[in-house]
Amino acid sequence: MVVAGTSSVDQAAITGGESVPVAKEVGGDGVYAGTRNVDGYLEVRVTKPERESTIARVAALVAEAQSHTSPTEAFIERFSRYYTPAVILLAALLVVVPPLAFGVPFLEAFYRALILLVIACPPCALAISTPPVSMVSGGITTAAHNGVLIKGRDSLEAVGGLARVVVFDKTGTLTTGRLEVDDVVGFGGVPEAEVLAVAASLESRSGHPIAEAIRRRAEEEGAVLRDVEEFVSLTGGRGVRGRIGGAAYTLGNVALFADGDDRAWRAAYDRLESEGKTVVLAGTASGGVIGLVALSDVVKRDAEKTVAALQARGIRTVMLTGGDNERVGEAVARHIGIDECHAGLLPEDKVAMVERLMDATGSW
């Protein structure tokens, strides 16, 4: 729990990857073990032992998933558990019993036992080695070459019998995980190019993901960055301040402009935010807003086509996302055409949701 300070943290390693760092302050949500402090100062009090931390629970979930075996592997393990000892025992009996009971020469009995082992080995080796090898080299490797990563052989067999539901993560799966500027809007007669130039100039000294996206857009548009004086980065990811050409500007979230005149920009802000975009406001020192910049996590080029192809086969699609709130998750799901969306989930919540879907449908 945060006991002092304000900052933004990158908790993508825990939640599955949100595009924007999350603000943390005293009295707010807890800080997960394994997150990375981005731009401020935090003092935190540990409230759980290591074995109960989020990182430890994630590791336990991964270990449990890796312990799963496919039905074919389970059959092979049962088969080899009885077949191999039986063959070895029978070969040993052929060496011992005939010489003692029937007077067969030892070398002849030994030779017959070797023949038995040679004859018995091919089906044993075939049963034990071929399915796992074929799954890894023929299935998992081929899928990886085509951009599809499959965790294990049981998952590969589950995909082979797929009939009802496919569950997607969002960041890095359906989206690229990189913010891009979608909209630039000016108010009060301020051109969009001026808004972008002011925003990019202020963000030129920041390493925040939003700053990087705004600078990339300004470079693409050929905007000329201006010198910034008295630059201040506001902790908690709220924004930045500075003077450009003698005029003071502020760039940041809506909380920085709560006391200003919001009649001119509120409708555009609400519309873009309802579309699941991250909206940054640019304004003057007096609180007047001159424009806004809207950013979003870019949807992958083939995401809509993939989802549509699954739905055409009667398969329901579900998106589970960790770092995003319901509004962002629903907007992305609506854009891609996903049937169902659940947002704000930790890894164990995602596991519970998948198990619930499996119980409801009787399959993956």
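Contact here means heavy atoms within 4.5 Å.

**Figure 1. Overview of the predicted chain.** In this predicted model, residues 24 or more positions apart account for 61% of the contacts with a separation of 6 or more. The secondary structure of the chain comprises eleven helices and 13 strands, and buried residues make up 36% of its 364 residues. The accessible surface amounts to about 19,900 Å², and carbon and sulfur atoms contribute 57% of that area.

**Figure 2. The largest nonpolar core.** This core holds 23 residues, of which Leu202, Ile214, Leu251, Val293 and Leu295 touch the most other members. At least two core residues come from each of strand 6 (175-186), helix 6 (192-203), helix 7 (209-221), strand 8 (239-244), strand 9 (247-252), strand 10 (278-284) and strand 11 (289-299), and helix 6 gives the most, with six residues. Apart from this core lies another, made up of 13 residues that include Val166, Leu174, Ala303 and Ile315.

**Figure 3. The surroundings of Leu251.** When neighbours within four places in sequence are left aside, Leu251 is in contact with Ala199, Leu202, Glu203, Ile214, Arg238, Gly239, Val240, Leu256, Val280, Leu281 and Ala282. Among the members of the largest nonpolar core, Leu251 is one of those that touch the most others.

Figure 4. Thr317 belongs to strand 12, which spans residues 316-320. Because its relative accessible area is 0%, Thr317 counts as buried, the cut-off being under 20%. Beyond its neighbours within four places in sequence, Thr317 is in contact with Val166, Phe168, Val307, Leu310, Gln311, Gly337, Ile338, Asp339 and Glu340.

Technical notes:
Residues numbered from 1 in each chain as written. Predicted model: local features only at pLDDT ≥ 70, side-chain atom pairs only at ≥ 80, totals over all residues. Heavy atoms only, no water. Core = buried A, V, L, I, M, F, W, Y, C linked by side-chain atoms within 4.5 Å. Buried < 20%, exposed > 50% of the residue type's maximum accessible area, 1.4 Å probe, protein only. Helix = DSSP H or I, 4+ residues; strand = E, 2+ residues; numbered from the N terminus. Areas by Shrake-Rupley, 256 points an atom, 1.4 Å probe, with all protein chains shown as cover.
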